[in-house]
Amino acid sequence: MSATDTQPELEFEEVLRPAGFGARVKELLRTSWLFRIGLVIVVIAVILAIIGPYIARFPLETATLDTNEGPSSKHWFGTDSNGFDIFSRVLAAPRIDVSIALAATAISLAIGSLLGLLTGYFRGWAGESVMRVVDTIQAFPLFVLAIIVVVMTGRSIQNVIIVIALLNIPIFLRMMRSQVLSLRERTFVEAARSSGSRELNIAFGHVLPNGLSPGLAQAPITMGFAILVTAGLSFIGAGVQPPTPEWGAMIASGADTIVIGEWWTSVFPGIAISLTVFGFAVVGEGLRAMYLRQG
Amino acid sequence: MTDHEKSQQIYQLGMHAIRGTMSRKQLLKRAAVLGIVPSVVALLAACGGDSVAPPPAEPEAPPADPPADAPEPAPPAAADIGDSLVILETEIAPGLDGEGTSFGQISTQTALAQLYEHLVQPMRTEDANGVLVPEFGTYEGRLAESWEQNGLEWTWKLREGVISAAGNELTTKDIEYSLARIKAFSPIPIGWFLMTVASIMSLDLPNTDPSERGLADEFEIVDDYTFILRQMEPSPNLLTVLPVVSLGIYDSAKMLENATDEDPFSRDFADQVDSAGFGAYSITNWDKGESISMTVNPNYFRGEPEFKNLTFRRVPQAGARVTAIQSGDANVTTGLSPKEFHELDQSDAVDVLGWLGNVFVALGPNYKSEPWAGGGDPDTSRLLRQALAYAIPYDDIIEQDFFGQAIKWNGLISSKFYGAVDFGDRYSYDPDRARELLAEAGFPEGTGLEGPGLTLSYIAEHASFIEPVANRIRTALADVGINIELDPLPQTQFVDRETNLDDIPFSLLDQQVAIGPDAGYQSQLNHVTPDNGGLDNSVNYASAEFDAIYLEQKVNPDVESRLAQMEAMQAILIEDLPRIPILERASQIAVTAGIRGWSPKPDGSRVGEIWTMHT
Amino acid sequence: MSGFVLRRLLLFLPQLLAIAIVGFALLRLLPVDPVSRIVGSFGTDEARQSAKETIGLDRSFGEQLGSFLEGLLTLDFGESFVSGDSVRAELGDRIPVTLQLIGIGFVLALVIAIPLGRYIASKVGGRIEKVTTVYALFAGAQPDFWWGLIFLFVFFFKLGWFPAPLGQLDPTQIAPDGPTRFIFIDTLVHGQFDLFVSALKHYALPIITLTFVLTGPILKIMRQSALDVISSDYLLYAKASGFTPKRVRRMTARNSFAPVVTITGVLLVFALGGAVLIETVFALPGLGRYALSRTLDTDFPAIQGAIVFMAAFGLTVYLVMDILYALLDPRVRHSRD
């Protein structure tokens, strides 16, 4: 797994600079086939997160006697050693994976942006020390931190959300802070200041909304990353407990048999993760490119 | 518990013994839970009695004729293996003293089985599949040519002309040395424990004072080949403990050559440097933690085996062992999942040998965890447990998850052991009955059930085959209204908590080696309270009635009435259900196609004695 | 320049100390109970007390921290609760495995991504550029453990090109004992070329997996930064000023490496921990597996040791990254000083 939090992209360079957000996204959709694919994947993943468990063709957690069957017309993706229908579970898993990603990203976006706003706006020793702390946290291998905290606080969905949220706060914090640093000297802020607005009002009323865009553009990428972390944790037994339908855990349950030829248990949930994270990454890159064009 | 962890704990146990910081009882208990007793008593189990009718076959040849074990059945496949075997194990023995800190390790027990000889062994006959099935309760002499019991006095005659790997002849001096070594303090007092079980030595702590190291009345030399052992009270266990791996007889001459003032019994030498036994093999190379190589002892009294050179290698991953045996890189391995054995069995290059011995799968609902505690009411607890027993789809588990290599367990004592009672279909899969009992217990449809016991734990490392069992049970329990969650625990933690800490609220026990030479001993191990000598009562079961009968049978010299008492004990168990018996599974070993003569042992060393293997 | 480096160096130790202390405190704040792990949840009070004494948890937090920090000075992390062995020795066995895996993986990824990134930056709009760009985006968003399994299925099970996931060597082979514990070095030191080749085969698939995933983001950044430099004002200025093509190329290279250094550092730190996934798939006894299994066993000294090493590694990477960055891009030096 790799962190995809990086620099601007130029795949979407054809995108021009129209006015409103909606219009800009439309433009992006029109010009970039990659973005269209990505958006379709993201929309499907989000829909499955809502309805996935209800459209399953078989019960999700009921052991049956149809064990280790290859794909067939009855079990489209085959069954695992518990006799679970893999197709049903692949569709139901976004309920866990995408929800965790969504919740964790929302939390880290909110807290990170707030902290970024404060440290950017109110510089001085407090802001500096927060930045040093962030530096230090970022120098630590985060996946191991996630393992330690999740295992020790109990392997539950809430704990996975909290940990992934914590891991991603520094990204949003930095983004917001650098925005604030440039925005606070800008004319509209100056204007607000000279018209007598209080500093806090300026910070929240003017700087925050304007500085949020890069964070929002980053959010899909962070969500993709969160899905990878969730699946990774479950894969090594440090995430959600079995038999919860979760892609990483499903891959793990087939890891022992893929080397003797029973490939379907691991392959299908893996394709699901692969496509989903790719979709989120594409959408994120697209939005980021759009934001950068906009300047 | 990892092997290493176990060694550490055993070592600490030794320290307790030497400092006297633990009572005898505590020592025994700790020794027991560390797997010393499990393996010991497992061996004891192999001689339980005559309740098992072994397939009619000729007993092993009388000891005097050398290549005796297993001559006939022709190999089904003409495997060209040569005279060397590569045996893959999960660990390699870090030490080789039968009373050393690594005794608890399977790998150590396996190595000792090749290096040392014993006075007697259980008799075995080779079945059609090439398995030397132990005949419980019958013995053949090994180093002993004959023995005679007269009250508390046992007179032994040693075989003459037995030569050790180092070239020294066996005499009663070697027996004296080996017994004195047991009586002197050792890092783990396993030999002392065994001789106590056999009622040869007293329950006093082993000698820690060098001046008291000698043997007293328990042992007497008559001549070079005759000696006398004296019991303190009658006990049927002498013959049953003698084959235990750590009671191998040492070549005293070689041992004394390597003794020092600080280490008069050559513990460092025997544990870390070399072996000094009369066994079929001796060590040629030993890379601790990685591999051991052995070559045949040219002087071995039973003659040369087919396989002259052995290499034991450490391959912790099951998948890797499967691959290696399939490709022919290795010849023998064990410790695989039922599925892996099943897959290997389909392969032309590999044969899977099985022996329905003493490995069981059971549920352990803890009496200290709700809801299984029944709020402290034994009747509620019993009803809940019985509901569990009726809710388990036994046949599905045996067929789907164990590929038929198991049988339903109809009791709480391993079915092959002396005194075991088969309760038939006392419990069978009957969800309606389970619902009734649940309602009777006050939890109709499962409403009101809560507590940590609704989380079922199993060994995470075994997930590939035990998790489907857990899910099958979870699904079946949900069907009757008991909703449980799963919580796989790392093996080290599971084993430690299960054997030592007794605090897993609800456990799915797998690969448990049933232990106890007979129903009485297995009860002591699993079901008796610690106060009355219970050793590994992992669910904290406490029944005064049960304990009372146990204590009576323990000192009952009358065979018939003792059998009746053991039956009465099991009648209580099958109603109380401290554990929910599910199935007994086969012990299995995978060998290169054509290898026969596997001699399964009920202790930890599933590989057994390689001397008996042949093509 | 030297002032900048000095300041970064001065920051290193406090940061390391901070992580070590926070890690230490975190373990004691989280709702875990190593004592229960030793004496059981139903253990008697005396048993709990004596277990606490054995593992030193009976002392005050300050005392425990004191002896932990004292041990740090000599890199002595104490003895594992679980194995009783020296944590330092255990780490010494595990760390080389992970470092070899990610070290070789990164070198390969850089060797592929840098030239390829520069090449496609000069071919914007071409077919190769499009395919490579999509690959770059795709690979950076992939579950490496799953790809590891897929590669195993294809290259081991189907094609038999690589050995089974057996760890570092075949089951029939024995790793040399020291001196470095890096199998690729030790086998050469002992002249065991057959073992060297075998280790190479066993590391091949895990390294390919890692490289496959890592090349994506690095390639993406390389392409981007090469494009930025090509279109930048200062390059235009340099060209206009009549700089020789060679000098222009050097300038381009130097300036486009800076972002690659950043992404490589970030990925490297993440990979040290993320390697646990690939180690699991290929049964490599690395640091990640160690940290995971000891975490599951609430083995405080072992976890602390792993945390300190990982923090030191991460901080060193970031330090080197900053210094390299400053060397490559003179603008940074000034802005950061």
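How many residues of domain 1 of chain C are in contact with domain 2 of chain C, and how many residues of domain 2 do they meet? In this predicted model, 20 residues of domain 1 of chain C are in contact with 17 residues of domain 2 of chain C. The domain assignment of chain C places domain 1 at residues 2–73 and domain 2 at residues 87–336. The centres of these two domains, taken over C-alpha atoms, are separated by 31 Å.

The size of an interface is often given as the accessible area lost when the parts come together. Between domain 1 and domain 2 of chain C, the buried area is about 1800 Å², and carbon and sulfur atoms give 79% of it. On the domain 1 side, the residues that lose the most area to domain 2 are C:F4, C:R8 and C:L27, which together account for 33% of what that side buries.

One of these residues, C:R8, also takes part in a salt bridge: its side chain meets that of C:D322, with N and O 2.6 Å apart. Three helices of chain C, namely helix 1 (2–29), helix 2 (34–39) and helix 4 (61–73), each supply at least two residues of the side of domain 1 that touches domain 2. Helix 1 gives the most, with 14 residues.

The discussion now turns to the interface of chain C with chain A. Here 58 residues of chain C are in contact with 56 residues of chain A. The area buried between the two chains is about 5000 Å², of which carbon and sulfur atoms give 79%. In chain C, the residues losing the most area to chain A are C:L137, C:W146 and C:F270, together 14% of what that side buries.

Which residue of chain A forms a salt bridge with C:K220? The partner is A:E285, and the closest N and O atoms of the pair are 2.8 Å apart. The count between chain C and chain A is one salt bridge, while five residue pairs are in polar contact across the interface. Several helices of chain C each supply at least two residues of the side that touches chain A, among them helix 1, helix 9 (193–230) and helix 11 (245–282). Helix 11 gives the most, with eleven residues. The residues of this side of chain C divide into 44 nonpolar, eleven polar and three charged.

Key: Residues numbered from 1 in each chain as written. Chains lettered and ligands numbered in written order. Predicted model: local features only at pLDDT ≥ 70, side-chain atom pairs only at ≥ 80, totals over all residues. Heavy atoms only, no water. Domains from an automatic or database assignment. Contact = heavy atoms within 4.5 Å. Buried area = accessible area lost by both parts, 1.4 Å probe. Salt bridge = Lys/Arg side-chain N within 4 Å of Asp/Glu carboxyl O. Helix = DSSP H or I, 4+ residues; strand = E, 2+ residues; numbered from the N terminus. Polar contact = N/O pair within 3.5 Å; in protein donor to acceptor, adjacent residues only side chain to side chain. Nonpolar A, V, L, I, M, F, W, Y, C, P; charged D, E, K, R; others polar.
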